[in-house]
Amino acid sequence: MNVSENYRNAWESYWRETSDGRGEAIWDADPSLSAAPHSDLLLPHADTGRTIVDLGCGNGTQTRYLATRFARAVGVDLSHAAVEHARRAANGGPVEFQQLDLTDTDAVRALHQRLGDSHVYMRAVIHQSEPAARPAVAAAVAELIGTEGRAFVVELTSGSRDVLRRAAAEPGGPGPKLQRVFHHGLKPADAPDEEIPQLLVKAGLAVLAEGETTLPQTEHLADGTRIDLPARWFVLAGA
Ligand SMILES: C[S@@+](CC[C@H](N)C(=O)[O-])C[C@H]1O[C@@H](n2cnc3c(N)ncnc32)[C@H](O)[C@@H]1O
């Protein structure tokens, strides 16, 4: 299957209207708050000599960090505009970016054939995917890690909806970065909490470790509090 035209256009227009500035996407946190602690959770289960693929990499901020911890990092994203952001930011560095729809089974299989069993990093992709597309996104994780790779997946939980509702109900309305998310019709934390682990297991993945965390955002409430969205992380192997 492939994602719907509406969904594809929503992401394309979101990324076209987002500047290259650091932190311009609300989730574009510094890697010290994201890919760094996430790598620390993955590395007890994974060898650094293997390629890591960042699924739904956006502007590639986390991918560039992953390239400092693993032999090679490849970022893939549905949106052409996101991949262009990521390539500009990489500025010739040792990372590679490719446009790819995770629900395109043939494209994911071809990527696996090209890279071999790889580690996977996936931050905040399933929670907002269209319900019909979610199983294929989970299956892409399983395909890319094969038997030898390991995956780190972190997704928003339902507690994020309350935080976002509070942020949207601020006296001045939501901040500009959150407003842009809603304006393009994106649906953060849409997936029910129990669905994500179920999808991962149904895709043939075994959970090696899991836990709760938050994903710090780059926007603050009027009182200066940073918006931190509740999330759950999983380290996974092929079952
Ligand atoms: C919330 S953003 C997170 C971006 C990045 N992972 C990060 O943490 O900075 C979700 C990203 O997933 C991408 N995405 C959504 N559905 C996808 C799909 N089916 N295939 C590939 N990328 C997808 C979007 O274009 C967007 O860049």
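## The largest cavity

How much space lies in the largest cavity? About 630 Å³. The model is a predicted one. A search of the whole structure turns up two cavities of 30 Å³ or more.

The lining of the largest cavity is made of 42 residues. Those nearest its centre are W11, G56, R123, A124 and V125. Sorted by class, the lining holds 25 nonpolar, 10 polar and seven charged residues.

## The second largest cavity

The second largest cavity has a volume of about 50 Å³. Which residues line the second largest cavity? They are E155, L156, T157, P192, D193, I196, P197, R232 and F234.

Five residues of the lining are nonpolar, one is polar and three are charged.

## The largest pocket

The largest pocket has a volume of about 190 Å³. Its lining includes N6, Y7 and A10. Q128, S129, E130 and P131 also line the pocket. So do H184, G185, L186, K187 and D190.

By class, this pocket lining has four nonpolar, five polar and three charged residues.

## The sheet

Seven strands form an open sheet. Their order is β3-β2-β1-β4-β5-β7-β6, and the pairing is mixed. Which strands are the edge strands? They are β3 (95–99) and β6, each of which pairs on one side only. Neighbouring strands of the sheet are turned by 20° against each other on average, direction ignored.

D77 has its bridge partner in β3, namely Q99. A helix also packs on the sheet: α7 (residues 159–168) touches β5 and β7. The direction of α7 makes about 155° with that of β7.

## Two residues with positive phi

Most residues other than glycine have a negative phi. Two alanines here are worth a look. A124 has a positive phi of about 65° although it is not a glycine. A189 has a positive phi too, near 60°, and is likewise not a glycine.

Where is A124 found? In the loop between β4 (119–123) and α6 (134–145). A124 is also among the residues that lie nearest the centre of the largest cavity. A189 lies in another loop, between α8 (176–183) and α9 (195–202).

Is A189 buried or exposed? A189 is buried, because its relative accessible area is 0%, and the cut-off for buried is under 20%. A124 has 23% relative accessibility, so A124 counts as partly exposed.

Notes:
Residues numbered from 1 in each chain as written. Predicted model: local features only at pLDDT ≥ 70, side-chain atom pairs only at ≥ 80, totals over all residues. Heavy atoms only, no water. Helix = DSSP H or I, 4+ residues; strand = E, 2+ residues; numbered from the N terminus. Buried < 20%, exposed > 50% of the residue type's maximum accessible area, 1.4 Å probe, protein only. 1 Å grid on protein atoms, 1.4 Å probe; cavity = no way out; pocket = protein on both sides within 12 Å on 5 of 7 lines; lining within 4 Å. Points joined across faces, edges and corners; volume = space filled by probe spheres on them. Nonpolar A, V, L, I, M, F, W, Y, C, P; charged D, E, K, R; others polar. Pairing = 2+ DSSP bridges. Axes fitted to C-alpha atoms, helices over the stretch in contact; angles between N-to-C directions. Contact = heavy atoms within 4.5 Å.
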